[in-house]
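Work through the exercises below with the structure open. Try each task before reading its solution.

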Amino acid sequence: MIETTGSLRRKQQKQQGLIEAGIGLGIVIFLAAVLPFLLPAFRLKLIGRFLALCIVALGIDLIWGYTGLLSLGHGIFFALGGYALAMHLKLQLPEGELPEFFTLYGVEKLPWFWEPFHSFPFTLIAIVLIPGIIAGLLGYLVFRNRIKGVYFSILTQAALLVFFNFFNGQQQLINGTNGLKTDTEMFFGLRVGSNPAQILFYELTILLLILTYLLCRWLVSGRFGRLLVAIRDDEMRVRFSGYNPTGFKVFVFAVSGAIAGISGALYTVQTGIITPSFMEVAFSIEMVIWVAVGGRGTLIGAIIGTLIVRLARTLLSEQFPEIWLFFQGALFLLVVTAIPDGIVGWFRRSGLDGLRSLLGKPQQVNYPSIEADPEVQREQSDLEQRTLLTQPPEPSNQQGDL
């Protein structure tokens with residue numbers, strides 16, 4: 001019986017899902033249970049930061065890889081999440097006292113928008129909702145006017161510059177360029193910068209990374225995921241089919257912004273500071289590069305790309321402080337020219353077949369041609385033989401003498 005292309009595709013997707021699940025489970029066990037005993041505190045903190053950045057990379061892959069929305073302004077939502085948690089930590093003081101930077105600028109009363117951040121539950125909600133709402137409003141203003149493609153990317157970058165300049169100038173309210181330091185603040189009886197607290201944040205980052213991945217995997221599967229891909233590939237056809245892409249794009253952009261806020265909060269407590277520098281254009285562009293290196297539209301590729309780029313950046317900058325940027329540029333050129341689908345995309349399309357060849361197994365055909373089926377070839381051969389037997393002989397072309 002000839003398997004249909006659809007059944008083969010579903011079978012292949014199931015196999016890929018099982019492989020990803022097995023690899024992911026092994027990596028999680030290694031990161032959570034083994035790595036803390038192998039690395040010193042400084043290195044473990046670095047890995048924790050990289051894992052926090054993997055969360056924002058998942059959000060970018062959700063909107064870029066699956067929906068086709070290339071955002072160059074995700075530093076806004078990342079920084080908003082970081083500021084929300086940092087403000088709560090700065091308020092862990094005896095009643096009546098103000099964070100130290102307020103006294104430097106002559107502020108005697110806590111600003112009104114700081115007051116709710118005394119509450120930890122409110123802070124947790126704000127980390128998710130504030131970036132999500134800002135992303136949703138920005139997305140609605142853009143998508144309702146059917147702005148897309150490079151114009152959407154330019155607008156997100158322009159919004160990033162607006163937020164960057166605004167936060168930079170608010171010295172009296174949020175310490176402006178200096179930002180908010182968190183490493184000496186207290187968090188449930190632990191100093192944020194201490195080793196026990198950092199291990200707690202490290203394990204929490206792994207847990208939230210898993211939950212974020214599962215959320216994104218759930219969103220891109222099923223009918224909703226197919227609709228996102230349809231919007232990416234041909235938005236006009238989606239409109240002709242009776243759907244309004246605006247609401248779907250606003251929703252997925254808001255979810256991506258909320259994910260970035262969670263990532264920013266986790267990164268802030270493991271870095272020890274949040275400043276407007278996280279809203280710089282270069283940082284938001286780097287987020288897109290992580291996804292491109294790993295393979296957009298794969299989710300797992302966003303995680304792999306982030307870890308590879310950040311680890312390479314750290315190790316190369318330590319070994320070759322003067323020329324490490326050249327190595328980073330060479331990595332990006334290699335991805336763009338040799339593996340434009342990213343590492344995971346290349347492995348799925350070519351690397352897996354190469355591995356099967358090395359093991360002596362036949363290559364797996366994802367979309368087999370019907371002419372290659374043995375039954376079809378045998379029937380075609382029988383048909384040709386019957387045609388030759390029943391075909392009448394060609395008439396003679398002999399010419400007589402006139």
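This is a predicted model: local features need pLDDT of at least 70, side-chain atom pairs count only at pLDDT 80 or more; totals for chains, interfaces and linings use all residues.

**Exercise 1. Describe the protein as a whole: its helices and strands, its buried share and its contacts.**

Solution. 
- Start with the secondary structure. The protein has 16 helices and four strands.
- Turn to burial. Of the 402 residues, 41% are buried.
- The accessible area is about 22400 Å², and carbon and sulfur atoms hold 65% of that.
- Finish with contacts. Take those with a separation of 6 or more: 77% of them join residues 24 or more positions apart.

**Exercise 2. Find the partner of E318 in a salt bridge, and say which parts of the chain the pair ties together.**

Solution. 
- Side chains of opposite charge can pair when their charged atoms come close.
- Apply the cut-off, which is 4 Å from nitrogen to carboxyl oxygen. E318 and R43 meet at 3.0 Å, N to O, in a salt bridge.
- E318 lies in helix α13 (residues 300-319) and R43 in helix α2 (residues 41-65), so the bridge ties together parts 275 residues apart in sequence.
- E318 has 38%, so E318 is partly exposed. R43 has 28%, so R43 is partly exposed too.

**Exercise 3. Decide for K249 and for E235: buried or exposed?**

Solution. 
- Begin with the pair. The side chains of K249 and E235 form a salt bridge at 3.2 Å, N to O.
- Locate both ends. K249 sits in helix α11 (residues 245-271), and E235 sits in helix α10 (residues 235-240). The two are 14 residues apart.
- Use the cut-off: buried means under 20%. K249 has a relative accessible area of 1%, so K249 is buried. E235 has 9%, so E235 is buried as well.

**Exercise 4. Which helices does the salt bridge between E286 and R310 link?**

Solution. 
- Take the distance. The closest N and O atoms of E286 and R310 are 3.0 Å apart.
- Name the helices. E286 is in helix α12 (residues 281-294), and R310 is in helix α13. The pair is 24 residues apart.
- Check burial. E286 counts as buried at 13% relative accessibility. R310 counts as buried at 11%.

**Exercise 5. How many salt bridges does the structure hold, and which residues do shared partners join into one network?**

Solution. 
- Count. The structure holds 10 salt bridges.
- Follow the shared partners. They join K148, E235, R239 and K249 into one network.

How values were computed: Residues are numbered from 1 along each chain as its sequence is written. Side-chain values use heavy atoms; hydrogens and water are left out. Buried means under 20% relative accessible area, exposed over 50%, partly exposed in between (1.4 Å probe, protein chains only). Contact means heavy atoms within 4.5 Å. Accessible areas come from the Shrake-Rupley method with a 1.4 Å probe; for residues, only the protein chains shown count as cover.
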